[in-house]
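User: I would like to learn how to read helix packing and loop contacts from a model. Can we work through some cases?

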Amino acid sequence: MLDDIKKTLWATADKLRANMDAAEYKHLVLGLIFVKYISDTFAARRAELTTRLTNPADDYFFANATPADLAQELEDRDYYTEVNAFWVPESARWEALRSAAKQSDIGKRIDDALTVIEAENPKLKGILDKRYARAQLPDGKLGELVDLVSTIGFGDNPSTARDVLGQVYEYFLGMFASAEGKRGGQFYTPASIVKTLVAILSPHSGQVYDPCCGSGGMFVQSEKFIEAHGGKIGDVSIYGQEANPTTWRLAAMNLAIRGIDFNLGREPGDTFIRNQHPDLRADFILANPPFNISDWWHGSLTGDARWVYGDPPQGNANYAWLQHMLHHLKPTGRAGIVLANGSMSSSQNSEGTIRAAMVDADVVEVMVALPGQLFFNTQIPACLWFLVKQKTHRKGQVLFIDARKQATMISRVQSELTDAVIERIAATVAAWRGEPDAGGAALGADNHSENDSCSRMEYADIPGFCRSVPLAEIAQHGHVLTPGRYVGAEEVEDNDEDFATKMQQLTEKLGEQMAKGAELDQLIRAKLGGLGYEF
């Protein structure tokens with residue numbers, strides 16, 4: 001039912017944007033959904049208070065109150081803030097906007113409403129995007145969009161309303177990311193990748209940090225995971241940073257509508273040169289930093305305390321991100337990072353040296369190779385790095401998982417990891433770690449049969465899928481961390497891949513074999529050189 005509503009809302013909203021660019025239009029739509037939500041939750045709290053203030057059996061009963069007295073009492077801000085509801089001034093309430101939807105100045109009215117909401121709620125300062133008066137929509141379309149958002153029923157129960165709104169908001173984020181293509185990936189990480197990170201990290205409580213948080217999807221999924229395991233919102237503290245100002249606002253709204261307390265820094269800012277959480281040491285870090293960025297370096301970063309394993313090359317930030325994450329972990333912390341596949345094998349500049357130092361220091365815990373076509377914004381093959389400060393299990397080993405064949409195509413150009421696949425990966429990692437809940441609890445599922453071996457699995461290497469590898473063997477391979485190099489071939493070859501996937505796998509395998517061939521060629525030349533031969 002809700003899925004149908006989301007699809008209908010999106011189709012209608014998308015039609016209303018006419019020729020407006022999706023990157024601009026998303027802020028109009030998501031901003032209105034946000035205002036509708038906080039106004040609805042305010043109205044729900046107001047209705048609850050009206051009932052309680054007029055009930056002689058209730059602690060809130062307002063004896064001998066006239067209608068005017070009651071109306072004045074209902075405007076007491078403390079009643080709303082005590083249940084973490086935003087205070088919405090009368091002129092900014094949704095009903096006032098809806099009744100003016102057909103007015104020619106509706107854009108200015110919305111901007112004014114956002115201004116007073118920010119002024120009355122310090123937590124929202126600088127977050128609401130006031131661009132409606134200058135929106136380049138055809139005449140009447142903004143009013144029609146207000147009418148459309150008015151049909152989203154968030155209900156009288158604030159908890160249910162929050163869930164409905166959160167799902168609509170997240171669905172729209174994904175659809176806008178798809179519509180924007182490459183640019184969309186700057187603010188949105190596909191849900192199946194986020195779920196995989198969260199399922200493997202198991203962030204039950206403590207401090208959760210994302211130094212390039214986009215629209216906040218990592219945090220939202222962490223809260224879902226906690227609730228699925230019997231915890232509650234508030235069991236984690238949220239810390240994030242985001243350089244893009246508009247994306248920073250999307251993240252703040254995404255968290256606010258879910259009732260998640262957060263600290264995204266005082267303002268948008270570059271994580272490397274304007275680190276807004278310098279003293280934070282987090283229990284969990286989840287991040288999808290931009291791949292292979294070349295314009296990240298600043299002279300002030302020379303000799304930075306974060307570069308424990310070596311100065312990152314100025315032309316690629318991948319190893320700066322990895323070391324930044326390790327720097328911000330607690331000794332018992334754990335990090336999961338999405339990076340381009342090249343990070344696992346590159347030896348350009350200082351990358352190979354840094355990777356070798358990290359492996360030898362035993363801070364690399366798990367490596368997962370991902371399928372292609374998971375992202376909206378790039379076809380670059382990606383992988384997951386899982387890092388720890390101090391291993392308490394499997395010291396001197398790294399778990400490699402090759403999930404390249406595990407995807408399900410959901411469109412001609414897009415794939416995803418299903419919940420069953422994510423659970424298999426998470427259960428494998430949990431079993432390898434020796435965790436007692438290895439298996440079925442990975443995604444909060446509770447419908448496993450008695451014969452479900454995942455719920456009580458013992459770890460074992462599976463050819464073609466996973467293998468635990470000692471550091472000495474990794475060193476023999478030049479500290480390359482590509483799972484395909486270690487897990488071997490499947491016992492039964494699967495020939496059902498589509499052409500693009502098969503081609504990608506063959507290309508990667510060819511690259512690995514060429515790299516190995518180059519290593520052998522260098523070794524032969526060195527040996528022959530020692531015998532007096534010259535080249």
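This is a predicted model: local features need pLDDT of at least 70, side-chain atom pairs count only at pLDDT 80 or more; totals for chains, interfaces and linings use all residues.

User: Next, helix pairs. At what angle do helix 9 and helix 14 pack?

Analyst: Helix 9 (residues 191–201) packs on helix 14 (residues 419–433) at about 25°, and their axes are 9 Å apart. Angles under 35 degrees count as roughly parallel, so helix 9 is roughly parallel to helix 14. Their crossing is right-handed.

User: Which residues meet where helix 9 and helix 14 are in contact?

Analyst: From helix 9 come Ser 192, Lys 195, Thr 196, Ala 199 and Ile 200; helix 14 supplies Asp 419, Ile 422, Ile 425, Ala 426, Val 429 and Arg 433. Sorted by class, this contact of helix 9 with helix 14 has 6 nonpolar, 2 polar and 3 charged residues.

User: How do the axes of helix 2 and helix 11 cross?

Analyst: The axes of helix 2 (residues 22–53) and helix 11 (residues 245–256) come within 11 Å, crossing at roughly 25°. That angle makes helix 2 roughly parallel to helix 11. The crossing of this pair is left-handed. On the helix 2 side the contact uses Lys 26, His 27, Leu 30, Gly 31 and Phe 34, and on the helix 11 side Thr 246, Leu 250, Met 253 and Ala 256. By class, helix 2 and helix 11 bring 5 nonpolar, 3 polar and 1 charged residues to the contact.

User: Now a loop. Which residues is Ser 350 in contact with, leaving aside neighbours within four places in sequence?

Analyst: Ser 350 is in the loop between strand 5 and helix 13. With those neighbours set aside, Ser 350 contacts Asp 311, Pro 312 and Pro 313. Pro 312 is 38 residues from Ser 350 along the chain, yet their C-alpha atoms are separated by 6.5 Å.

User: What lies 2.8 Å from a polar atom of the Ser 350 side chain?

Analyst: The backbone oxygen of Asp 311 does.

Terms used: Residues are numbered from 1 along each chain as its sequence is written. Side-chain values use heavy atoms; hydrogens and water are left out. Axes are lines fitted to C-alpha atoms, for helices over the stretch in contact, and angles run from 0 to 180 degrees between N-to-C directions. Helices (H or I, at least four residues) and strands (E, at least two) are DSSP runs, numbered from the N terminus. Angles under 35 degrees count as roughly parallel, over 145 as roughly antiparallel, 65 to 115 as roughly perpendicular and the rest as oblique. A crossing is left-handed if the near helix is turned anticlockwise from the far one by less than a right angle, and right-handed if clockwise. Contact means heavy atoms within 4.5 Å. Ala, Val, Leu, Ile, Met, Phe, Trp, Tyr, Cys and Pro count as nonpolar, Asp, Glu, Lys and Arg as charged, and the others, Gly among them, as polar. A polar contact is a pair of N or O atoms within 3.5 Å; within protein, one must be able to donate a hydrogen and the other to accept it, and residues adjacent in sequence count only if both atoms are side-chain atoms.
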